[in-house]
Amino acid sequence: MELIAKKSVNKNTNHVTIQERFRGIARKGSKLTWSFVRFVIIFGICFVILQPLLTKFAVSLMSEADLYDATVQYVPREITFQNYIDAFVGMDYAATFGRTLALSLIASVLQLASCTIVGYGFARFKFPFKNTIFMLVILCLLVPPMTLMLPLFLHFRFFDIFGLFEMMSGKPGINLLDSLWPFVLTSIFAQGYKNGLYIFLLRQYFKGMPVELEEAAYIDGCSAFKTFYKVMLPSAVPILVTVFLFGFVWQWTDSFYSSLYLSDFKVMSGGLGSLAANIYSSELSFISPALTSMMNNTGTILVIFPLFVLYLFAQRYFVESIERSGIVG
Amino acid sequence: MSKGKMLNKKGQGSKGFSLSLSQQRAGLGYLFISPFLIGFILLFITPLFQSLLYSFSNLNVTSTGYTLDFVGLTNYNQVLRVDPNFIPSLITTILQMVTKVPIIIIFSFFAASLLNQKFKGRGFARSIFFLPVILTSGIILSMETSDLLLSSAQQVAEEELTAGAMGSGLQFLQFRQLLFSINMPPMFINFIVLAVDQIYEIVIASGVQILIFLAGLQSIPLSLYEASTMDGATAWENFWKITFPMVSPLIIVNSVYTVINTFTSPDNEMMSMIQSTIFSQSKFGFGSAMAWIYFLAIAIILAIMSAILLKLVAKYQQ
């Protein structure tokens, strides 16, 4: 009797293990299928993102003959750097690069500083009308820059602080256009391009950090400011790098504000916009669209190359800031 | 700086006369956000009212400044009832936005969930997904939309794709017919076809949204999933019962951001129209009126959209 019972138990356990094994195989199979599907999807999206970049790069290495040759796709027949040389001269690249770098650095560092302070204020202090004021931050994002364009232009054209300058000199304000002052002023006061977004991101990041850190610092006798820059800032480096990157890049490629405030002070975006016309207008009366496009692509590569290098260094922080910030509505 | 220190000293020194701790903290809070407040008043509200003023008047720039003549609603009348281009382009912009925003939201949520999973080369995939945020902004984007070679190259690629797929029956038109034949509502089909057609623009426009969704996904505690899996929930149930409700507030954030971003991007038809009216044609009052109507249209759409979304999210979270 006992033997039979034992046998049946044995059979039972055997049965279970086989079933489980099947289930395990099925699970493994579906996992494999999913990771394959995922790979295809991710590869596809990456291709969609990279294809225009690669096309631009390929076109920038082509000669004019390659453009009209139907057999040339993507890979130029013979690689030439003539376009780069032309674009380099046409954009006055070295000088433009220096100017744009100065402008972008100043604007993005100031924006980073002001937005960090403001974001921290919103994240960690309780004060009356806080939520209302935060809605105003969103409102700043919401109003199209076009609406404010003209008053700001006139404001900086005839810049004055409560009519003090006019009283002293009799002139209707100082002309701040064609200098970096409009950018400095808007950045200091967190009113630059998309600064509302930076404030939002920084606020969320600071909110996600543990309060105990600060409490410990307060108990040790730190003031609010000391706590802010000794305790909070060092642990917020990833998001700070992210915001700096955004600020720098969007200033670098911005054509709206730079064309509004600057006319003689040439920056990259303006140089790129008029590049093809600059180079060919002296030689040819009619510029073929293909030629224009080739030059534009070369110029674009020249403009985004520094950004690409910057991104290579900064993307580690960029990805890390995602992992650590707890953005919740 | 100095004001904050003063407050602090007061608080620590004479106890009878000092501010309470919460008042102190409130003062510090105002101090921290003061850059924004000053900027908001001087560089935002003031220009905003000025531009409202300009839209009701004729503005003439003279050598010593500018003069304003009040003309009432003439500019608005001109924009809305005389100008032949304004209303049609406003409607196209809005329609484009209405179709684009859901696609962007769905795509970025999908992409964020993909990038949130563990797989080899995740860091690399993430850096490529965020590349458009960096490399396709401002002037680069407007260069791209006007570029001839690039679009023709894309066309060739598309043609090759469809030509290659001809035999296998996966041609694009047939894909549409397939959707029709399985009795999908036409609205739905148009939506999908539009999404596939514009995949590049969608991917380019959804970098920041993916970032925000991804951060939200990361902030969901793993213990929730562990607990529900222990109780026998499948991955599908986990998604709808944990992931989606936890991230749904971010859908509002992202929709608002997407609407704002598509409306205020410099490659927008309306934006370039307003800019050329003001700066090339020097019609200052007229352009300001345009900008204001455009702004009001955005505000109304955003208000409707956030009201609907807030209700949906509240309903879902109950």
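**Exercise 1.** State how the lining of the second largest pocket in this predicted model divides by class, and which helices supply it.

*Solution.* Step 1: sort the lining residues by class. The lining has 13 nonpolar, nine polar and six charged residues. Step 2: take the size of the space. The volume of the second largest pocket is about 1,300 Å³. Step 3: locate the centre. Of the 28 lining residues, those closest to the centre are B:S113, B:N116, B:Q117, B:Y225 and B:A235. Step 4: assign the lining to helices. At least two residues each come from α1 (2–60) of chain A and from α4 (86–116), α12 (207–218), α13 (222–230) and α14 (235–264) of chain B. With six residues, α14(B) gives the most.

**Exercise 2.** Describe the largest cavity by volume, lining and class.

*Solution.* Step 1: count the cavities. Four of them reach 30 Å³ or more. Step 2: the largest has a volume of about 260 Å³. Closest to its centre, among 21 lining residues, are A:C140, A:V143, A:G192, A:K194 and A:Y257. Step 3: find the helices. In chain A, α5 (130–142), α6 (145–157) and α9 (195–208) each supply at least two lining residues, as do α2 (21–55) and α14 of chain B. Step 4: by class, the lining of the largest cavity comprises 15 nonpolar, five polar and one charged.

**Exercise 3.** Which residues line the second largest cavity, and which helix gives the largest share?

*Solution.* Step 1: the second largest cavity has a volume of about 80 Å³. Step 2: its lining consists of A:A107, A:Q111, A:F183, A:T186, A:S187, A:Q191, A:G192, A:Y193, A:Q251, A:Y257 and A:Y261. Step 3: α4 (93–124), α8 (181–188) and α13 (256–261) of chain A each contribute at least two of the lining residues. The largest share, three residues, comes from α8(A). Step 4: five lining residues are nonpolar, six are polar and none is charged.

**Exercise 4.** Is A:T242 buried or exposed, and what does A:T242 contact?

*Solution.* A:T242 is part of helix α12 (residues 237–252) of chain A. Step 2: apply the cut-off. Buried means under 20% relative accessible area; A:T242 has 1% relative accessibility, so A:T242 counts as buried. Step 3: check the side chain. One of its polar atoms lies 2.9 Å from the backbone oxygen of A:P238. Step 4: list contacts beyond four places in sequence. These are A:Y317, A:F318 and A:S321.

Note on methods
Residues numbered from 1 in each chain as written. Chains lettered and ligands numbered in written order. Predicted model: local features only at pLDDT ≥ 70, side-chain atom pairs only at ≥ 80, totals over all residues. Heavy atoms only, no water. 1 Å grid on protein atoms, 1.4 Å probe; cavity = no way out; pocket = protein on both sides within 12 Å on 5 of 7 lines; lining within 4 Å. Points joined across faces, edges and corners; volume = space filled by probe spheres on them. Helix = DSSP H or I, 4+ residues; strand = E, 2+ residues; numbered from the N terminus. Nonpolar A, V, L, I, M, F, W, Y, C, P; charged D, E, K, R; others polar. Buried < 20%, exposed > 50% of the residue type's maximum accessible area, 1.4 Å probe, protein only. Polar contact = N/O pair within 3.5 Å; in protein donor to acceptor, adjacent residues only side chain to side chain. Contact = heavy atoms within 4.5 Å.
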